Amino acid sequence: MPKRFPYVEADPMLGPASALPYAPITLHLGDRSAHVSGLIDSGSTLNVLPFDVGIQLGAVWDEQSVPVRLGGNIVETEARGLVLFGQLEGFSPVRLAFAWSRSNRIPVILGQTNFFLEFDVRLCRSQMFFEIAPRSSLGS
Amino acid sequence: MTLAELLPALHGLPKCEKLRAIQLLAADVAREDGEMLVPSEAAYPVWSPFDAFDGAATLMRMLNDEKAS
């Protein structure tokens, strides 16, 4: 069954103009976890993790050996690959690979690789909600 | 408060605040009408790494390697 989430208005002054699909998600690394709001971003080719969230999860920058090249506005930001478990309330945890960024100026981004490979998403912006379901469980 | 009472204060605003007031009021009216205006002076960051295909391939490899090990 898909789970429905409301769009979040990021700026009260701008109201609906600032509404974005942020999903509450718990990220796990070993025995550490962080509950964050992840921006569901179909325009992002990959998942991105801000630096401080990785630190909160106990990740050590110097131990991550795989460089990941970013793009868009954050093309100049250094990033390294980090595999976590992510759990949306009511669903089983799944492995999510993140580009762990050196920057904190970005939100947690849930993008095509591999959030959209694990979950099916239906964006209903005109009705201010979106739905997420484990892959292949939304109507085909 | 009436418009007549507000006008002297509005006339006394500096130019940039007058423009801001116009934009806010226009957005209010549009919102009441069920429409939406996007204030032109606001910044709209686009963080999406929309073209990080190399990076996406790297993450896929990491997932596959971890699965295989």
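Modeller: Of the 140 residues of chain A, 37% count as buried. This is a predicted model, in which local features need pLDDT of at least 70, side-chain atom pairs count only at pLDDT 80 or more, and totals for chains, interfaces and linings use all residues. Residues are numbered from 1 along each chain as its sequence is written, while chains are lettered from A and ligands numbered from 1 in the order in which they are written.

Biologist: What makes a residue buried or exposed?

Modeller: A residue is buried if 20 or more other C-beta atoms, placed from the backbone, lie within 10 Å of its own, exposed if 12 or fewer do, and partly exposed in between. In chain B, buried residues make up 12% of the 69 residues.

Biologist: Why is A9(B) called exposed?

Modeller: A9(B) has 9 other C-beta atoms within 10 Å. The limit for an exposed residue is 12 or fewer, so A9(B) is exposed. A9(B) lies in helix α1 (residues 3–11) of chain B, and its C-alpha atom is 55 Å from that of G55(B), 46 residues apart along the chain.

Biologist: Why is M128(A) called partly exposed?

Modeller: M128(A) has 13 other C-beta atoms within 10 Å. That value lies between the limits of 12 and 20, so M128(A) is partly exposed. M128(A) also has a positive phi of about 60° although it is not a glycine. Most residues other than glycine have a negative phi, and most peptide bonds are trans. A cis peptide bond, with omega about -5°, joins T113(A) and N114(A).

Biologist: How do you know which stretches are helices and which are strands?

Modeller: Both are DSSP runs numbered from the N terminus: helices are H or I over at least four residues, and strands are E over at least two. By this rule chain A has two helices and eleven strands, in the order β-β-β-β-β-β-α-β-β-β-α-β-β from the N terminus on. Chain B has three helices and zero strands. The loop between β9 and α2 (115–118) of chain A holds N114(A), and the loop between β10 (119–124) and β11 of that chain holds M128(A).

Biologist: Why is chain A called as compact as a globular protein of that length?

Modeller: The radius of gyration, taken over C-alpha atoms, is set against the globule rule, which is 2.2 Å times the number of residues to the power 0.38. Chain A has a radius of 15 Å, close to the 14 Å that the rule gives for 140 residues, so chain A is as compact as a globular protein of that length. Along the principal axes, its C-alpha atoms fill a box of roughly 45 × 35 × 25 Å.

Biologist: What makes two strands a pair?

Modeller: Two strands pair if DSSP finds at least two bridges between them. Eight bridges join β4 (residues 22–29) and β5 (residues 32–40) of chain A, which run antiparallel, so these strands meet the requirement for a pair. Here A23(A) stands opposite G38(A), and G30(A), in the hairpin of these strands, takes a positive phi near 60°. Three bridges, also antiparallel, link β4(A) with strand β7 (residues 79–87) of chain A.

Biologist: Why do β1 and β10 of chain A stand at the edges?

Modeller: They belong to an open sheet of three strands in chain A with the order β1-β11-β10 and antiparallel pairing. β1 (3–6) and β10 each have a single partner strand, so one side of each is left without a neighbour in the sheet. Six bridges join β10(A) to β11(A), where C124(A) stands opposite F129(A).

Biologist: What makes a set of residues a nonpolar core?

Modeller: The set must consist of buried Ala, Val, Leu, Ile, Met, Phe, Trp, Tyr and Cys residues joined through C-beta atoms within 7 Å. The largest such core has 37 residues, of which L49(A), F98(A) and A99(A) touch the most other members. The elements that each supply at least two residues include β8 (94–101) of chain A and α3 of chain B. The largest share, five residues, comes from β8(A).

Biologist: How many residues of chain B are in contact with chain A?

Modeller: Residues are in contact if their C-beta atoms, placed from the backbone, lie within 7 Å. By that test, 23 residues of chain B are in contact with 29 residues of chain A. Helix α3 (residues 53–68) gives the most to this side of chain B, with ten residues.

Methods: Two residues are in contact if their C-beta atoms, placed from the backbone, lie within 7 Å.
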